[in-house]
Amino acid sequence: MKKFFNSMEEKFIFPIGRKSWQILSLIGLLVLVLSILYFLANSTPTSRDNVNISKSEVIDNKVDTTAAVVVSSSSCTDENYNQWVDTLKQDLPNSEWKNLGDSSDSKIEYVTDSYGNYVQDEYGNYSTITKKVFKPNPVAIPNILNDIYSKKGYDSSSICQKIEVIKMLHYLNNKIDKGYLAKEAFFYNAYFIQQSGSITLNKLEQAYALISIIESGEKIIKEQKDLISAWKYINYIVSNSVTQSQIDIVTNLIKAHKTLPTKIFPASRYFELAESVFDNNLNELDLTTAINAFTEDISYYDNNDLFKSLKRYLKLYRDKVEIAEQKKSMKTMEKALNRTKSLTAAGAAFLSIVAVASILLLFSIQSLLKAHLGNKN
C-alpha cells in the first residue's frame, strides 16, 4: 500500500510544476474578468423602444398595433404614382376623372380686419362679401382618392402610401364584374379602405385566398351581397391579424374535408371552422401539428359534429400543451439545479485536488531535503 501511494505521488501529484500553476492562475483570472464584464453588461439600464405616432392614429384617436411598415416615400416618385393612377383609369374608363366640381353656388360672409374684428361701412352696417363656394363632385375619382388620403393623414410626401392605396383598389377592381364595378362597387371599396386604418394589399390577398378555399374557387363579384360577404372576410382578416400560416392551416383542413366521399358538415359553414382555428391561442407549430393530426381522423369527426369536435380537439390540445410546457419548465429547473450541484461538486473536487497536491508537494520537498541532508552527513 505504501508503495502504491508513493507511486501515485511520483507519477501524478509531484509532476505538477510551476508552469502548471501559472496556467491555472491565468484561467482563473480570465474567468474572473469575463464574469465581471458579463455582470456589468447585465447591469446596464434597459432601453425602451422608440415610440412614433402616425397621422392615421391621431385621426382615429387609437393606437394601431397592426399597421404595416410602408416603404419610405423617398423610394417612390410622382412618376410612379401617375403610372398607378393611369392603371386605375384603365380599370374605370367610363368614370368621372375631369369634372371635379363647380363653383356655381355662393355664400355671403362678413368682412373682418387683420385682427378678426367685423368691418362696418359708413352707415354703421357690417360689411359683407359674396364668395363662390366650390362644391366637389362626390363621384369624381380624384376626389374619392383625396378623401381616402385625407382620412389616413397622407400629405404630399406620402407618395408610397398613396400608391399602396391605388394598388389595393386595382386589386379589388379585378375581382369585380366591370359593369357592377362602375355602378357602385368601386365606391364601396373606396369607402371600406378609407375606414380601415390597418388594411394592406397583403391582407387583401390573404382574405381572397381564404374566400377561394371556402367558396371553392374565385368568383367574380356581380352584386352587393357578394361584395359585402367578401368584405366580411377582409375585415375579419385585418381585425384579427390573421397570418398566412394560419390561412394555410385552414386550407389544409377544408381540403381534407372536401376529399371525403360523403360529407355531413355543410360547406356553407366552413368559415366557422376557420374562425375556430384563427381564434385559437396555439402557436403556429403546435396548431399545424394539431390540425394535421385532426385531419387524419376527419371522417370520424365529420360523423360526430365536425365543428364541435374541432373546438373540443383544439381546447384539449391546448390544455395538453400547457401541461407539457409546465413539465418542460420543471425539467429545466431540475437540470439547472443539477448543473449547480455538479459545478459545486466539481469545484470542491478541484480545490481538494489542489490542496492534496500542495500537501504532497510539501512532503516531497521534505523528503528531498532529508535525503540531501543525509547524503551530506
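Rings of Phe, Tyr and Trp count as a pair if their centres lie within 6.5 Å. Keep that in mind for the exercises below, and remember that this is a predicted model.

**Exercise 1.** Find out how many aromatic pairs the structure holds, then classify the one formed by Tyr171 and Tyr208.

*Solution.* Start with the total: there are 16 aromatic pairs in the structure. Now take Tyr171 and Tyr208: their ring centres are 5.8 Å apart, and the planes make an angle of 75 degrees. Planes over 60 degrees apart count as edge-to-face, so that's the label for Tyr171 and Tyr208.

**Exercise 2.** Are Tyr171 and Tyr208 buried or exposed?

*Solution.* The cut-off for buried is under 20% relative accessible area. Tyr171 comes in at 17%, so it is buried. Tyr208 has 7% relative accessibility, so it counts as buried too.

**Exercise 3.** Work out how helix 5 (residues 141–152) is oriented against helix 6 (residues 159–173), and what they meet with.

*Solution.* First, the geometry: the two axes come within 11 Å and cross at roughly 125 degrees. That angle makes helix 5 oblique to helix 6. The crossing is right-handed. Then look at the side facing each partner: helix 5 brings Leu145, Ile148, Tyr149 and Lys152, while helix 6 brings Lys162, Val165, Ile166 and Leu169. Sorted by class, this contact has six nonpolar, no polar and two charged residues.

**Exercise 4.** Which residues do ring pairs link into a cluster with Phe294?

*Solution.* Follow the ring pairs and you get Tyr300, Tyr301, Tyr313 and Tyr317 alongside Phe294.

Conventions
Residues are numbered from 1 along each chain as its sequence is written. This is a predicted model: local features need pLDDT of at least 70, side-chain atom pairs count only at pLDDT 80 or more; totals for chains, interfaces and linings use all residues. Side-chain values use heavy atoms; hydrogens and water are left out. Axes are lines fitted to C-alpha atoms, for helices over the stretch in contact, and angles run from 0 to 180 degrees between N-to-C directions. Helices (H or I, at least four residues) and strands (E, at least two) are DSSP runs, numbered from the N terminus. Angles under 35 degrees count as roughly parallel, over 145 as roughly antiparallel, 65 to 115 as roughly perpendicular and the rest as oblique. A crossing is left-handed if the near helix is turned anticlockwise from the far one by less than a right angle, and right-handed if clockwise. Contact means heavy atoms within 4.5 Å. Ala, Val, Leu, Ile, Met, Phe, Trp, Tyr, Cys and Pro count as nonpolar, Asp, Glu, Lys and Arg as charged, and the others, Gly among them, as polar. Rings of Phe, Tyr and Trp (its six-membered ring) pair if their centres lie within 6.5 Å; planes under 30 degrees apart count as stacked, over 60 as edge-to-face and the rest as tilted. Buried means under 20% relative accessible area, exposed over 50%, partly exposed in between (1.4 Å probe, protein chains only).
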